[in-house]
Amino acid sequence: MSSLQALCSGLPLWPLPENRGRQAGVPHAPVRTPRLSPAEEQLALRNALRYFPPDLQELLAPEFAEELRLYGHIYMYRFCPSIEMRAYPVEQYPCRTRAAAAIMHMIMNNLDPAVAQELVTYGGNGQVFGNWAQFWLTMSYLSQMTEEQTLVMYSGHPLGLFPSSPGAPRLVITNGMVIPNYSSRTEYDKLFAMGVTMYGQMTAGSYCYIGPQGIVHGTVLTVLNAGRRYLGTEDLAGKVFVTSGLGGMSGAQAKAAVIVGCIGVIAEVDRAALMKRHKQGWLMEVADSLDHCIRRLREARRRKEVLSLGYHGNVVDLWERLVHELDTTGELLVDLGSDQTSCHNPFNGGYYPVQLGFTEAQSLLASNPAAFKALVQESLRRQVSAINRLAKENFFFWDYGNAFLLEAQRAGADVEKKGARKTEFRYPSYVQHIMGDIFSQGFGPFRWVCTSGDPQDLAVTDQLAVSVLEAAIAGGVNPAVRLQYVDNIRWIREAARHQLVVGSQARILYSDQKGRVAIAVAFNQGIASGKIKAPVVLSRDHHDVSGTDSPFRETSNIYDGSAFCADMAVQNFVGDAFRGATWVALHNGGGVGWGEAINGGFGLVLDGTQEAEQKAKMMLTWDVSNGVARRCWSGNQKAYEIICQTMQENNGLVVTLPHEVADEHVLQQALQS
């Protein structure tokens with residue numbers, strides 16, 4: 001087993017480590033089919049070999065070429081470290097700066113097999129690095145870095161350390177910044193195979209993933225608010241939520257169903273993923289047949305049990321069986337529904353067609369991608385047809401921002417909405433109907449990581465966060481904000497009880513700008529006093545108030561025509577960098593897929609100093625207010641109210657406010673004249 005000291009010493013070349021190939025028993029990224037030309041294959045090999053001195057290239061070239069042929073990418077398995085990959089306590093990393101040690105802690109968490117696949121954190125293609133050489137070099141650079149240097153990352157490749165100032169970010173990451181006219185999926189597959197770009201998803205390539213807990217909270221809020229909006233109830237006992245996916249992100253759905261108190265039925269084709277969630281305790285029961293699944297669903301519904309039930313099979317079969325039950329018995333067995341397959345990547349293993357078993361589908365994907373694509377699109381049409389039948393009754397479906405409805409539309413499924421805008425379908429996205437109002441009030445997936453690795457530190461931060469929120473409620477807030485704060489307090493208490501930590505000692509909390517700043521100050525003071533034993537990393541999901549421009553997800557409820565513009569996310573990345581972030585990241589893609597979004601994130605290390613507190617106040621205020629101001633300008637009334645209140649409280653903030661525009665009759669008359 002390697003040591004952390006060895007891991008930070010650069011690429012192990014003399015002697016070379018043994019080539020153990022692709023390890024058994026480890027989650028692997030899907031096999032890719034980039035369809036490179038002979039010249040492109042040669043370029044991919046050349047690009048991989050340039051990490052190594054000439055006297056080693058003759059030995060390495062054949063094995064790299066074999067990886068390219070077998071897996072569609074050069075992972076450099078020979079250099080996969082033998083160390084146990086996990087987030088070690090921050091003081092164990094051999095570094096010259098606390099910031100570098102914290103970044104290492106976050107990187108190794110993103111690669112922990114408990115939360116990741118090989119070099120992929122989630123979504124089947126959310127890369128941390130493109131190959132293992134990049135990992136070794138990055139760790140080496142971080143161990144050398146001083147407070148007057150910044151590490152620059154180009155799509156997984158560590159370009160190097162460059163002189164900068166102590167107030168600058170220690171790390172700047174860009175992933176997938178391909179010229180727009182060439183930002184297609186076909187081009188991406190080739191560029192990734194050639195080792196020149198990378199799909200960082202959101203928190204995968206920015207080193208800020210905290211395990212499926214991150215999406216549990218969002219799913220809890222989504223299902224709670226769906227119950228309020230669609231079913232008119234706060235009590236979800238006996239209500240049935242049907243969805244699909246138990247992978248790195250989607251696995252959160254099982255735990256969320258239990259926390260909100262409903263019956264969650266989640267289909268998953270990959271038995272390994274399903275059993276992983278069952279073993280972790282996130283999934284209560286498993287059904288291997290539709291008969292078993294429906295029988296157990298009926299029983300739980302009658303008894304109003306709290307249940308997370310995993311169906312090992314294709315979700316299309318499940319939807320069609322629910323239609324059969326409705327048509328033959330008149331009984332509607334489902335109240336709420338969604339989908340969390342990796343439909344942003346439907347033709348490379350993100351969505352499996354109902355016509356084939358899991359292993360058969362994988363074989364077809366590798367041997368005949370065109371036939372696989374045709375079956376996927378037929379499967380999408382069948383899935384939508386079943387959902388449409390159920391939706392004629394008292395059943396409500398929403399798109400979970402995974403590009404499900406977008407891909408269904410491209411497949412020819414009946415998802416059109418008459419007279420709709422470009423970003424609208426027959427069913428709403430969860431941002432349009434559920435989370436959009438939350439974003440407009442400045443609430444989003446704020447998170448923190450206790451780099452000591454000590455659960456006691458996490459417990460202390462939980463207590464501090466609850467105290468901050470309770471004090472805010474006692475001080476008086478408007479009813480909508482109060483509701484969110486109450487949901488947040490419930491979440492923290494439930495999260496601790498449900499043991500949601502997988503990987504690093506971390507917590508997610510949907511908070512607004514005021515809450516984030518107050519929590520950050522409380523944590524920093526806790527570190528200064530010794531209540532918290534080591535630095536805390538603040539971060540957030542890129543799926544946030546200001547972090548992402550994505551017309552079919554985060555900005556799908558912006559209707560002034562700017563949903564397809566990316567100024568907000570780019571400005572956020574730049575603004576965070578010069579307001580105190582320890583590191584920043586900007587990505588092409590995100591949950592809806594390559595070329596469909598621009599998103600960014602940050603990491604900010606709190607170390608108990610006054611300087612850290614000032615950085616947190618400055619950066620977190622901008623990081624939220626940017627998106628609220630943009631939503632205000634697009635005409636959102638809730639965002640308008642929040643930004644006006646924020647300007648009253650902060651005389652350094654001056655925002656251009658929109659005037660009410662003349663009614664439609666006046667506009668039509670002007671255009672006709």
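The stops below begin with the overall fold and end with side chains; bear in mind that this model is predicted.

**Stop 1: the whole protein.** Show everything. The secondary structure comes to 23 helices and 17 strands. The radius of gyration is 24 Å, close to the 26 Å that the globule rule gives for 673 residues, so the protein is as compact as a globular protein of that length. Along the principal axes, the C-alpha atoms fill a box of roughly 70 × 60 × 60 Å.

Of the 673 residues, 62% count as buried. Among contacts with a separation of 6 or more, 71% are between residues 24 or more positions apart.

**Stop 2: a stacked pair.** The structure holds 26 aromatic pairs. For one of them, select Y188 and F192, whose rings are stacked, 5.7 Å centre to centre with 10° between the planes. Where do Y188 and F192 lie? Both are in helix 6 (residues 185–193), 4 residues apart, which is about one turn of the helix. Hide the surface to see them, as both Y188 and F192 are buried.

**Stop 3: an edge-to-face pair.** Select F397 and Y427. Their ring centres are 5.5 Å apart and their planes are at 70°, so this pair is edge-to-face; the cut-off for that label is over 60 degrees. The pair links distant parts of the chain, 30 residues apart. F397 is in strand 11 (residues 396–397), while Y427 is in the loop between helix 15 (404–410) and helix 16 (430–440).

Are these two residues buried or exposed? F397 has a relative accessible area of 3%, so it is buried. Y427 is buried too, with a relative accessible area of 8%. Buried means under 20%.

**Stop 4: charges over rings.** Select R22 and Y71. R22 lies over the face of Y71, at 4.1 Å from the ring centre. Then select K373 and F347, where the charged end of K373 sits over the ring of F347, 5.0 Å from its centre.

How values were computed:
Residues numbered from 1 in each chain as written. Predicted model: local features only at pLDDT ≥ 70, side-chain atom pairs only at ≥ 80, totals over all residues. Heavy atoms only, no water. Phe/Tyr/Trp six-rings, centres within 6.5 Å; stacked < 30°, edge-to-face > 60°. Helix = DSSP H or I, 4+ residues; strand = E, 2+ residues; numbered from the N terminus. Buried < 20%, exposed > 50% of the residue type's maximum accessible area, 1.4 Å probe, protein only. Lys NZ or Arg CZ within 6 Å of the ring centre and 35° of its normal. Rg over C-alpha atoms; globule rule 2.2 N^0.38 Å. Contact = heavy atoms within 4.5 Å.
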